[in-house]
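User: Hey, I've got a structure open and I'm new to this. Can you walk me through it?

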Amino acid sequence: PVQRFGEDYLRLLRAGRFAARFDFVIESATFAAISAHAERIVAVSSERIRDELTSLLTDGGVVRGLQLLDESGLLQQVLPEVAAMRGVAQPPQFHPEGDVWTHVKLLFEHLDGVGANLAWGALLHDIGKPPTFAITDRIRFNCHDAVGAKMAQKLCQRLRISNESSKRICELVACHM
């Protein structure tokens with residue numbers, strides 16, 4: 001039963017990706033069921049989740065796909081480090097778009113047809129901001145690039161991203177400044 005449920009959730013994750021890519025609407029009862037049981041996505045293997053997320057990040061409709069993941073509660077389950085960016089303020093003089101989550105989604109509005117490593121690097125480039133958030137003379141994120149690279153390494157290991165890709169993604173996060 002757990003394996004079957006995991007397969008069903010993989011299909012639902014895939015349905016969200018297709019909805020985003022082709023601008024489909026997920027039926028409201030289906031979306032409510034996904035949201036109500038989002039924590040059960042852990043029944044799916046890390047590799048399969050990684051593959052679906054990579055497709056979401058590279059196949060088009062990324063912003064809507066990320067929004068659907070967030071609204072359904074799946075983002076918190078599969079990428080809690082990314083979900084933590086929601087609501088984290090940034091200095092308005094440098095980031096008038098708002099919080100870190102909005103900043104990351106805005107970045108994807110300007111990326112199209114990128115490879116998996118760059119897409120993952122873009123998604124994760126600011127994951128170090130929530131744990132380094134500080135207000136001094138203004139909002140600051142001291143060493144968020146180095147902290148983010150360490151977080152990205154752990155995330156890549158958890159999702160079983162290849163060593164070569166993991167190294168490149170972490171370099172992108174560490175050097176994005």
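User: Let me start with one residue. Which residues does His-144 touch, not counting residues up to four places away in sequence?

Analyst: Bear in mind that this is a predicted model. In it, His-144 touches His-125, Asp-126, Gly-128, Lys-129, Thr-132, His-176 and Met-177, with residues up to four places away in sequence left out.

User: And where is His-144 placed?

Analyst: His-144 is in helix H10, which covers residues 144-158.

User: Is His-144 buried or exposed?

Analyst: Buried. The cut-off is under 20% relative accessible area, and His-144 counts as buried because its relative accessibility is 6%.

User: What about the second largest pocket, how many residues line it?

Analyst: The second largest pocket holds about 160 Å³ of space. There are 13 residues lining it, and Gly-60, Val-62, Phe-108, Leu-111 and Asp-112 are the closest to its centre. Helix H3 (46-58), H4 and helix H7 (100-109) are the elements that give two or more residues to this lining.

User: You mentioned H4. Which residues are buried in it?

Analyst: Helix H4 runs over residues 62-72, and its buried residues are Val-62, Gly-65, Leu-66, Leu-68, Leu-69, Asp-70 and Ser-72. Val-62 is also among the residues closest to the centre of the second largest pocket.

User: What follows H4?

Analyst: Gly-73 does, and its phi is positive, near 90°.

User: Switching topic: which residues touch the most other members of the largest nonpolar core?

Analyst: That core has 41 residues, and the ones touching the most other members are Leu-57, Leu-79, Val-82, Phe-108, Trp-120, Leu-123 and Leu-124. Helix H8 (residues 116-124) supplies the largest share of the core, 5 residues.

User: Pick Val-82. What is it in contact with?

Analyst: Leaving aside neighbours within four places in sequence, Val-82 is in contact with Leu-75, Trp-101, Leu-123, Leu-124 and Ile-127.

User: Zooming out, how many helices and strands does the chain have?

Analyst: The protein chain has 11 helices and 2 strands. Along the sequence, the pattern is α-α-α-α-α-α-α-α-α-β-β-α-α. The chain has 177 residues, and 42% of them count as buried.

User: Last one: what's the mean pLDDT?

Analyst: The mean pLDDT of the protein chain is 88, and 86% of residues reach 70 or more. Over residues 1-6, though, the pLDDT is below 50, and this stretch has 6 contacts in the model beyond near neighbours in sequence. Where pLDDT is low, the predicted coordinates should not be read in detail.

Conventions: Residues numbered from 1 in each chain as written. Predicted model: local features only at pLDDT ≥ 70, side-chain atom pairs only at ≥ 80, totals over all residues. Heavy atoms only, no water. Helix = DSSP H or I, 4+ residues; strand = E, 2+ residues; numbered from the N terminus. Buried < 20%, exposed > 50% of the residue type's maximum accessible area, 1.4 Å probe, protein only. Contact = heavy atoms within 4.5 Å. Core = buried A, V, L, I, M, F, W, Y, C linked by side-chain atoms within 4.5 Å. pLDDT = per-residue confidence, 0-100. 1 Å grid on protein atoms, 1.4 Å probe; cavity = no way out; pocket = protein on both sides within 12 Å on 5 of 7 lines; lining within 4 Å. Points joined across faces, edges and corners; volume = space filled by probe spheres on them.
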